[in-house]
Amino acid sequence: MRKIIKNAQIPFNGIMTKDNDVLIEDGIIKYVGQLKEKESKNNEIIDASNYYLIPGFIDCHGANGYDAYELKQMAIDYASRGVTGFYVTIGPESNQEYFRMFEECRKAFGSDYLGACFLGIHLEGPFLSLEKKGAMDEKKLRQVVTPEEVEELIDAGADVIKIITISPELEGAYEAINKFAEAGIVVSLGHSMATYKQAMRGIEEGATQVTHMYNAMRAYEHREPGIMGAAILSDDIYCELIMDCVHVSEEAMKILIKSKGTDKIMAVSDGDIKFGHDSSDRETEDYIIKDGAIYLKNGVLYGSTRDVADHFKTIIVKLGLGIPDAVKMTSTNCGTHMKIKKGKIEKGFDADFNFVDSSFKVRKTFISGQEIIL
Ligand SMILES: [Zn+2]
């Protein structure tokens with residue numbers, strides 16, 4: 001059955017447009033505009049008068065803490081926050097463990113499931129700089145990238161791996177970047193001490209993204225601007241940004257937005273589902289949660305309890321930008337970068353969206369045109 005969302009205020013070409021009808025059929029947006037009275041007949045009508053209608057959030061770097069829940073639970077948790085598409089992030093592991101995880105993802109998402117759409121795996125490792133390991137287990141990091149291991153990963157996981165984070169300065173990394181990019185995997189530079197030159201070489205070899213800009217990378221310096229300088233000067237590069245106001249300050253976020261614009265920044269949660277959505281200050285056996293950020297007991301910043309829905313609100317309320325820019329950074333840019341039909345309320349796109357109220361809180365979530373009721 002066809003559905004029509006009536007009186008929708010939606011972002012389009014950088015502005016909010018009013019009084020739209022959105023026609024949905026088979027989970028796809030078929031039309032956006034004004035339907036005639038008779039065309040609306042015999043369809044299910046959903047009124048969106050009191051809300052903004054925005055594309056569902058997409059998180060390309062989150063869902064860490066794999067073993068804490070079943071993967072299917074992760075899809076449900078995400079949907080409950082207005083995130084309609086996600087990439088499962090897996091840190092450095094042995095190849096055996098990687099292969100097990102690839103299989104688990106295929107099993108969990110190979111048939112019907114409830115909740116947000118599994119869009120693939122983001123391998124955050126294992127070829128990352130020891131010096132910028134952050135909270136990662138250093139025993140599992142590889143400091144030399146061998147063609148054999150690259151081939152093994154591509155052979156075993158090219159169907160599910162959609163993004164891989166690599167430090168370009170490691171021995172063998174340039175060749176690996178080239179190979180992964182050739183296999184259709186998005187290469188993201190990060191957890192790295194790369195110089196500007198090394199980062200630019202990584203970009204030449206096929207990298208198109210930077211992993212959590214500012215965090216776990218060489219600091220920007222006047223004579224050595226590092227990955228950050230390369231990302232800012234390369235217009236085509238997309239930057240992840242953890243917009244929780246702890247991993248990156250408000251001012252630093254504003255600087256990045258001013259230099260990169262709002263078309264190439266992707267808000268990511270770097271979240272860990274073990275911690276749920278509870279941002280209150282507390283301490284567990286292994287972690288300290290403060291101001292929404294998760295720290296190891298030794299003080300190292302580990303992750304965030306805030307998610308992309310929180311970032312949406314932060315962009316508007318704290319950074320002072322409008323809904324269209326917030327939508328780009330929390331949804332559209334990732335969809336465009338990953339070449340998927342998600343992240344826009346336009347004809348031909350998947351009918352994944354949120355109803356958001358005047359305080360920018362998600363009130364209803366639809367995935368493939370179906371309201372998610374959890
Ligand atoms: Zn990381």
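Student: What percentage of the 374 residues of the chain count as buried?
Tutor: This is a predicted model, in which local features need pLDDT of at least 70, side-chain atom pairs count only at pLDDT 80 or more, and totals for chains, interfaces and linings use all residues. Residues are numbered from 1 along each chain as its sequence is written. A residue is buried if 20 or more other C-beta atoms, placed from the backbone, lie within 10 Å of its own, exposed if 12 or fewer, and partly exposed in between. Of the chain's 374 residues, the share that counts as buried is 49%.

Student: What is the radius of gyration of the chain, and which value would a compact globule have?
Tutor: The radius is taken over C-alpha atoms, and the globule rule is 2.2 Å times the number of residues to the power 0.38. For 374 residues the rule gives a value near 21 Å, and the chain agrees with it at 20 Å.

Student: How many helices and strands are in the chain?
Tutor: Both are DSSP runs numbered from the N terminus, helices (H or I) having at least four residues and strands (E) at least two. The chain has ten helices and 20 strands.

Student: Which residue does UniProt list for "active site", and where does this residue lie?
Tutor: UniProt positions are in the numbering used here, with feature names shortened, and annotations may be inferred rather than shown by experiment. The unreviewed entry lists Asp 270. Asp 270 lies in the loop between strand E13 (265–268) and strand E14 (282–283).

Student: Why is Asp 270 classed as buried?
Tutor: The class follows from a count of other C-beta atoms within 10 Å. Asp 270 is buried because that count is 28.

Student: Is His 247 buried or exposed, and which residues does His 247 touch?
Tutor: UniProt includes His 247 in the feature "binding site" (unreviewed entry). His 247 is found in the loop between strand E12 (238–242) and helix H8 (250–260), and 23 C-beta neighbours inside 10 Å make His 247 buried. Contact requires C-beta atoms, placed from the backbone, within 7 Å. Not counting residues up to four places away in sequence, His 247 touches His 212, Asn 215, Ile 242, Asp 270, Ala 293, Leu 301 and Ser 304.

Student: Which residues are in contact with Leu 301, leaving aside neighbours within four places in sequence?
Tutor: Leu 301 is in strand E17 (residues 301–304). With 17 other C-beta atoms within 10 Å, Leu 301 is partly exposed. Its contacts, with those neighbours left aside, are His 247, Ala 293 and Tyr 295.

Notes: Two residues are in contact if their C-beta atoms, placed from the backbone, lie within 7 Å.
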